Amino acid sequence: MSRSAGRKLDRVTDVTDVAAWTTIEQSLGADVLQSWWWGDLKARHGWTPRRLAVLDADGQPCAAAQILFRHVGPVSVAYAPRGPAAAPDAPDAPDALSALTVGIDQLCWRARSVAALIEPSSCDLALPSQGSLAWEPTDVLLQPRRTIKVRVDRPDDDLLAAMKPKTRYNVRLATRRGVVVRRGSIDDLPAFYAMLAETSMRDRFGIHEIEYFRDMLDVFGDDAALLLAELDGEPAAGALVVRHGTEAVYMYGASATRLQRHMAAYLIQFEAMRWARSIGCVIYDLWGIPDDDAGPESGQDDGRGPNVRAGLWGVYRFKQGFGGEVVRYPGVLQRVYAPPLMRLWRRVRPNLV
């Protein structure tokens, strides 16, 4: 990476070039939420992205984080969704993450941040846990702490064989009933959004305004697919999927209640996996599931428990049926710079995601 791509801050570089950042974050296996495009999307909706990288003596990246700043009056909150990223087995990973912490502190001081919140992409990162640079656990919930990932670099028959029998049956049933899936365009966004609004009421979760999804399609371009499943020309289900490196991520999904019996939501997931494979992806990420497998009988199914997705056990069972592997993230860590203001923010905080 050229030194002209950023400004040197001790061992930390403030990266301002899209190509340089993409090379860095993808070499470290960073999540889609650490991509330049995600930061660009968030910049259109009230955030200010900054991108820091720690380089070794040869200019190779050791650790990196895209930090988003949300300003509320004279102060701000800093948030690194699914970041930082680092090579956990690198000999100097702990030093690199300490240097990155110093860089984050400097940015937060300039932005008058009351706290910095991070969501490491791996449980193996050697983040500082003691001393003046320590990151401490918090019960703040932002992104889901677990997901399901499916390998898609295999033939259709193998994809279907890996599914649970009922899921495989429903994929085929949708086809037999005449459901067809096509890749939509920006003109199809209102139909998708109408289904998304219906789904959010049915499953009790919040959604962004339609402009957010329009911007997502614009920012990610060919790396985003709006898929629509239709029955006799009527929208029955939809999915918004984005590609990042060799992974495709199922970001948002929706279905029309009246047509659910035709199993379009199952077929659209199968077609999303096939789309991901066609553009070179190895993994299809089904995104969020509940924190544990306790199920509704644990009392977590009322939507009011500590898990923000506790009311989505039906969605969890749906995703389990596609035969993927459960992946757990370590959750949110924080550095608090102004404890009284942080306590106030936690009571009245704006939506961070």
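This is a predicted model: local features need pLDDT of at least 70, side-chain atom pairs count only at pLDDT 80 or more; totals for chains, interfaces and linings use all residues.
Over the ring of which residue does the charged end of Arg-82 sit? The ring is that of Trp-287, and the charged end of Arg-82 lies 5.3 Å from its centre. The protein has 353 residues, of which 51% count as buried, and its secondary structure consists of 10 helices and 16 strands.

**Overall make-up**

- The accessible surface of the protein comes to about 15,700 Å². Carbon and sulfur atoms account for 51% of that surface.
- Among contacts in the protein with a separation of 6 or more, 72% are between residues 24 or more positions apart.

- The structure contains 15 salt bridges, including one between Arg-44 and Asp-218, in which the closest N and O atoms are 2.9 Å apart.
- Arg-44 counts as partly exposed because its relative accessibility is 39%, which lies between the limits of 20% for buried and 50% for exposed.
- A further salt bridge joins the side chains of Arg-277 and Asp-156, at 2.8 Å from N to O.

- Asp-188 and Arg-182 form a salt bridge, their closest N and O atoms being 2.8 Å apart.
- The two partners fall into separate accessibility classes: Asp-188, at 14% relative accessibility, counts as buried, whereas Arg-182, at 34%, counts as partly exposed.
- Shared partners join salt bridges into one network made up of Asp-156, Glu-271, Arg-274 and Arg-277.

**Aromatic pairs**

- The structure holds eight aromatic pairs. One of them is formed by Tyr-193 and Phe-213, whose ring centres are 5.8 Å apart and whose planes make an angle of 55°, a tilted arrangement.
- The pair of Tyr-193 and Phe-213 links distant parts of the chain, 20 residues apart. Tyr-193 lies in helix α6 (residues 189–203), and Phe-213 lies in helix α7.
- Tyr-193 and Phe-213 are both buried.
- Phe-213 also pairs with Tyr-212: the ring centres are 5.7 Å apart and the planes stand at 80°, so this pair is edge-to-face. The angle leads to that class because planes over 60 degrees apart count as edge-to-face.
- Tyr-212 is buried, with a relative accessible area of 3%, and Phe-213 counts as buried at 0% relative accessibility.
- One aromatic cluster is formed by Phe-192, Tyr-193, Tyr-212, Phe-213 and Tyr-252.

**Tyr-266**

- Tyr-266 counts as buried because its relative accessibility is 18%, and the limit for buried is under 20%.
- Leaving aside residues up to four places away in sequence, Tyr-266 touches Thr-167, Asn-170, Val-171, Phe-318 and Phe-322.
- The C-alpha atoms of Tyr-266 and Thr-175 are separated by 10.0 Å, and the two residues are 91 residues apart along the chain.

**Thr-199**

- Thr-199 lies in helix α6, the helix that also contains Tyr-193.
- At 5% relative accessibility, Thr-199 counts as buried.
- The residues that Thr-199 touches, not counting those up to four places away in sequence, are Arg-204, Phe-205, Gly-253, Ala-254 and Ser-255.

Definitions and conventions: Residues are numbered from 1 along each chain as its sequence is written. Side-chain values use heavy atoms; hydrogens and water are left out. A salt bridge is a side-chain nitrogen of Lys or Arg within 4 Å of a carboxyl oxygen of Asp or Glu. Buried means under 20% relative accessible area, exposed over 50%, partly exposed in between (1.4 Å probe, protein chains only). Rings of Phe, Tyr and Trp (its six-membered ring) pair if their centres lie within 6.5 Å; planes under 30 degrees apart count as stacked, over 60 as edge-to-face and the rest as tilted. Helices (H or I, at least four residues) and strands (E, at least two) are DSSP runs, numbered from the N terminus. A charge sits over a ring if NZ of Lys or CZ of Arg is within 6 Å of the ring centre and within 35 degrees of the ring normal. Contact means heavy atoms within 4.5 Å. Accessible areas come from the Shrake-Rupley method with a 1.4 Å probe; for residues, only the protein chains shown count as cover.
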